[in-house]
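Please keep the sequence and the structure in view while working through them.

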Amino acid sequence: MSKRLKLAGLSASRTLRSGKTFVNADSSEKTSPYFGDEEKRLARTSTKKHVLIKIKHEMVENETNIKETPIKSEDVELSTDVQDIKTEECEIKNENVEFKLDPKNVEDKKQWMPPNWETILENIKEMRKSETAPVDTMGCHKCTDPDASPVVSRYQALVALMLSSQTKDQVTHAAMQRLNTYGCKPNIIATTSDDDLGKLIYPVGFWKKKVKYIKKTSVILLDKYGGDIPKTVKELCELPGVGPKMAHLCMRTAWGEVSGIGVDTHVHRIANRLGWVKKSTKTPEQTRNELEDWLPKPLWSEVNHLLVGFGQETCLPRFPKCSECLNKDICSFASKGGRTKK
Ligand code: SF4
């Protein structure tokens, strides 16, 4: 290496070590007579290197800033987004499940819907519009004392329903008139002798059993419900002599709530004649389940009253008056040549 180059290198290294600015380096370049083209190049190279180092440092800082802070933050946000997306996916899946279930239910119900049921129901309404059946004037909803308090009225509705089982509406209504005059309240009935209560309700069907049921129920209502009646089907069914049919009717009559279809012997018989059950049913409870499977809920509250009156006047138990019935051409029982009254 030439002496000139050594001196140039020494000068450059001194410049770097001393921390002198590049202006000084340029000044040295300009003032030193030993600096030729090569020295100038070396000096520029040193300068460029230094500048490059600074730039790299800045870039590193920038990269650090970019990579570490914002991107990590964005990553967190992205993770959240992913969770949201997953949640949305779950929700979509849930919606899909619902979407799959709903049409199935609708289809099932549509499959189970008996033919012409709407026409048949409209015909029954037409035949029932005069409201001349016993249930219209002497049904359980007509058995309460109009001047009684709501609590007492509910109790009387329950007692009327208990008496109505296996009993004509006329007989039930007359017995309730006697009971109301006597004092049809739980505290009075609970302390009445069996004999006296028997005389008041006779001749309702199974009157001896009903005396015991009504007295036990009155005591339970006083002990457990403050003299009122319970407000659920489950609790009503726990009372002596009260079954699901009575409980659903009681919810409707006493509480004004529709909890299910009240299926008595009329509804059970007519539903089977009309083919309103998929297969013929043996018990009113089976019929209730079948009807609740397809009959739109808004019709549940009225179907009992409609069919009971229809069964009392036209679709009689032994000899239905098919020749007078508006449904004679579309009723499966009539079309199969069922036994009818001429
Ligand atoms: S046609 Fe006869 S069996 Fe059928 S609904 Fe009418 S009365 Fe009842």
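1. A residue is buried if 20 or more other C-beta atoms lie within 10 Å of its own, exposed if 12 or fewer, and partly exposed in between, with C-beta atoms placed from the backbone. By this rule F206, with 13 C-beta neighbours inside 10 Å, counts as partly exposed. F206 has phi near 55°, a positive value in a residue other than glycine, and is found in the loop between helix 9 and helix 10. Helices here are DSSP runs (H or I, at least four residues), numbered from the N terminus.

2. This is a predicted model, in which local features need pLDDT of at least 70, side-chain atom pairs count only at pLDDT 80 or more, and totals for chains, interfaces and linings use all residues. Residues are numbered from 1 along each chain as its sequence is written.

3. The loop that holds F206 is also the place of P203. The peptide bond from Y202 to P203 is cis, with omega near 15°. Most residues other than glycine have a negative phi, and most peptide bonds are trans.

4. E131 also has a positive phi, near 50°. E131 lies in the loop between helix 4 (117-128) and helix 5 (134-138), and is exposed, with 10 other C-beta atoms within 10 Å.

5. How do helix 6 (residues 150-164) and helix 10 (residues 207-225) cross, and at roughly what angle? Their axes (lines fitted to C-alpha atoms over the stretch in contact, with angles from 0 to 180 degrees between N-to-C directions) come within 10 Å and cross at roughly 155°. Helix 6 is therefore roughly antiparallel to helix 10, a term for angles over 145 degrees. The contact (C-beta atoms within 7 Å) is made by Y155, V159, M162 and L163 of helix 6 and by K210, Y213, I214 and L221 of helix 10.

6. L161 touches C140, M246, L249 and C250, not counting residues up to four places away in sequence.

Conventions
Helices (H or I, at least four residues) and strands (E, at least two) are DSSP runs, numbered from the N terminus. Angles under 35 degrees count as roughly parallel, over 145 as roughly antiparallel, 65 to 115 as roughly perpendicular and the rest as oblique. Two residues are in contact if their C-beta atoms, placed from the backbone, lie within 7 Å.
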